[in-house]
Amino acid sequence: MEQLSTQTQIDLLAAMLAIRAFENRISSVYPQQEMKTPVHLYTGQEACAAGVCANLEREDMIFSTHRNHGHYIAKGADLNAIAAELYGRTGGCTKGKGGSMHFVDTASGCMGTTAIVGGSIPLGAGAALALKMRKSSNISVSFFGDGAADEGVLQETLNFAALKKLPVLFVCENNFYATNSCVRARHAHGSIAARAQAFGIPAETADGNDAETVYRAARKAAAHIRAGNGPYFLELLTYRWKGHVGPDCDYEKGCRPKAELDEWMKRCPIELYAARLAARGVISQAGLDEMKKAAEARVDRAWSYALASPAPGPEDLLTDVYRAAGESA
């Protein structure tokens, strides 16, 4: 198997470290009660976002979910702006009106996230339809979870995307839990990817904790779509370390077995990949330490920006909440 370039390997690790540092910072400061937004942390799933987004061009568009931080960081969104958004500040990516579940950064192709389960699925297909009508070479990506796969909109969108051969990549991050409901209690059939295959869409299931496996699967998918062959579906098997919402774990509440969490934490996507790169001689321990410091420094700067950004005033209440007819976006 062809080995990825050194730069690609470093970039994958750097993206995962940036996501982990950002999520860890939220976990550490959230109890201060200054961040007035629910947060759905991505910790443990970093390889999915890093591996997929490493294959995307800046003009490619992504649509995400309530668990969106990793996707936006990996796609290159403004880290300062999304940190400020968490604090509801005017420097936020939606000027403090959206919070964690409604990030948007069109400059980097991060077109929006939705707290409606399954909402990112038709949005991604709709954008793909627009791209096709404009004869653009770019593609659209819908990120969603296994809970969203339970929604009927997935079947409708898969059918439409296949019918119109839309340039859209569906990425289901199967972390086995919809809020606290285990996939084993919800799905009669074990494969989510098989649902896409029923519509004639190429689909595969891959290890979502292995950054290179995700990267290679996404590269194959993106090439298929860019060649004009229509949609592609990836089911990435992974696991979230935190509870459905908030910085705490939820095994204490009986939501899932601690032994299960422990087993997945042994497969930390960052530790696994760092060890692989060390074995290849791509990075040293000192190099890894420097990368971690650089990720922390980025987060430090983002938090400094966020906390220095002013809170919106009463005069901001009705600004930027809708676009009048004839007004440019």
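## A pair of strands to start from

Serine 64 stands opposite threonine 113 in β2. This pairing belongs to strand β1 (residues 61–64) and β2, which run in the parallel sense and are joined by three bridges. Here, two strands count as paired if DSSP finds at least two bridges between them; helices (H or I, at least four residues) and strands (E, at least two) are DSSP runs numbered from the N terminus.

A word on the model itself: it is predicted, so local features need pLDDT of at least 70 and side-chain atom pairs count only at pLDDT 80 or more, while totals for chains, interfaces and linings use all residues. Residues are numbered from 1 along each chain as its sequence is written, and side-chain values use heavy atoms, with hydrogens and water left out.

## The parallel sheet

Now for the wider sheet. It is open, with six strands in the order β2-β1-β3-β4-β8-β7 and parallel pairing. Its edge strands, each pairing on one side only, are β2 (110–113) and β7 (203–207). From one strand to the next, the twist averages 20 degrees. Helix α5 (residues 120–133) packs on the sheet, where it touches β1, β3 (140–145) and β4 (168–174), and its direction makes about 175 degrees with that of β3. Such angles run from 0 to 180 degrees between N-to-C directions, with axes fitted as lines to C-alpha atoms, for helices over the stretch in contact; contact means heavy atoms within 4.5 Å.

Buried means under 20% relative accessible area, exposed over 50%, and partly exposed in between, using a 1.4 Å probe and protein chains only. Strand β8 runs parallel to β4, joined by six bridges, and leucine 236 is the bridge partner of glutamate 173. With β7, strand β8 pairs in the parallel sense over five bridges; there, glutamate 204 stands opposite leucine 234.

Helix α11 (residues 285–308) has 24 residues and reaches 35 Å from its first C-alpha to its last, close to the expected 34 Å. That expected span is 1.5 Å times one less than the number of residues. Its buried residues are Leu288, Met291, Ala295, Val299, Ala302, Trp303 and Ala306, and their cover includes α1 (6–29), α4 (79–86) and α10 (269–280).

Helix α4 is largely enclosed by the rest of the structure, because seven of its eight residues are buried. They are Leu79, Ala81, Ile82, Ala83, Ala84, Glu85 and Leu86, and what covers them includes α1, α3 (69–75) and α11.

## Two loop residues with positive phi

Most residues other than glycine have a negative phi. Glutamine 33, in the loop between α1 and α2 (46–53), has a positive phi near 65 degrees and counts as exposed at 52% relative accessibility. Threonine 179, in the loop between β5 (177–178) and β6 (181–182), has a positive phi of about 55 degrees; its relative accessible area of 38% makes it partly exposed.

## The chain as a whole

The protein chain has eleven helices and eight strands, and 53% of its 329 residues are buried. Its C-alpha trace spans about 55 × 50 × 40 Å along the principal axes. Of the contacts with a separation of 6 or more, 75% are between residues 24 or more positions apart.
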